[in-house]
Amino acid sequence: MSTTMQQTCRSLSILVSRYDAVSLQRRFLHNGPDTLEELLDRHVVKKEKSLDDDEEGLLTRRRLTSNRREALSLYRDILRVTRFFVWPDLRGVMWRDILRENARKEFEAARFEKDPEIVTRLLIGGRDAVESALEKLVEKQKQQIEKERGGGGNQR
């Protein structure tokens, strides 16, 4: 029984040594990272520190200034577009006034947002909403004109 046990131990040690050799060979072939830190260090882009604090602050101010300019431009566009919404809602309040009030509330809520990505998303979403509302308004106006022309022609 001891010889059988010795043979089993020898065969296990041979298998373990072969497995170690194979795994070591795979590691050399793969040459991959051992830890999560090594993986991140190898594959994540590192932030370059070529700019000093003054230059980085100036770039941040420029970015904020351009976002503010874009926000003001969007707000002016909203004011221009809402001039065409001249019919009242069910309460008798002009849609122009409702839209302007809602836009003002949105701009006030987003006024102190510092994250440039969120500000950009808000600006893009606002711009898309204005363009969509204007396109729908134009389409409805065209339909109304066609309806009036069609109705006017039948009455004559």
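Q: Which residues are linked in a network of salt bridges?
A: In general, side chains of opposite charge can pair when their charged atoms come close. A salt bridge is counted when a side-chain nitrogen of Lys or Arg lies within 4 Å of a carboxyl oxygen of Asp or Glu. In this structure, Glu70, Asp77, Arg80 and Arg127 are linked in such a network. By this rule the count comes to 10 salt bridges.

Q: What kind of model is this, and how are residues numbered?
A: This is a predicted model, in which local features need pLDDT of at least 70, side-chain atom pairs count only at pLDDT 80 or more, and totals for chains, interfaces and linings use all residues. Residues are numbered from 1 along each chain as its sequence is written, and side-chain values use heavy atoms, with hydrogens and water left out.

Q: Where does arginine 127 lie, and is the residue buried or exposed?
A: Helices (H or I, at least four residues) and strands (E, at least two) are DSSP runs, numbered from the N terminus. Arginine 127 belongs to helix H5, which covers residues 116-155. For accessibility, buried means under 20% relative accessible area, exposed over 50%, and partly exposed in between, with a 1.4 Å probe and protein chains only. Arginine 127 has a relative accessible area of 19% and is therefore buried.

Q: Which residues is arginine 127 in contact with?
A: Contact means heavy atoms within 4.5 Å. Leaving aside neighbours within four places in sequence, arginine 127 touches Glu70, Ser73, Leu74 and Asp77 in this sense. A polar contact is a pair of N or O atoms within 3.5 Å; within protein, one must be able to donate a hydrogen and the other to accept it, and residues adjacent in sequence count only if both atoms are side-chain atoms. The side chains of arginine 127 and glutamate 70 are joined by a polar contact of 3.1 Å.

Q: Which residue forms a salt bridge with glutamate 101, and which with glutamate 108?
A: Glutamate 101 pairs with lysine 105, their closest N and O atoms being 3.4 Å apart. Both lie in helix H4, 4 residues apart, about one turn of the helix. Glutamate 108 pairs with arginine 111, with the closest N and O atoms 3.6 Å apart. Glutamate 108 is partly exposed at 33%, whereas arginine 111 is exposed at 55% relative accessibility.

Q: Where is the place of phenylalanine 84?
A: Phenylalanine 84 is in the loop between helix H3 (53-82) and helix H4 (95-109). Its relative accessibility is 47%, so the residue counts as partly exposed.

Q: How many helices and strands does the chain have?
A: The chain has 5 helices and 0 strands, and from the N terminus on its elements run α-α-α-α-α. Buried residues make up 11% of the 156 residues.
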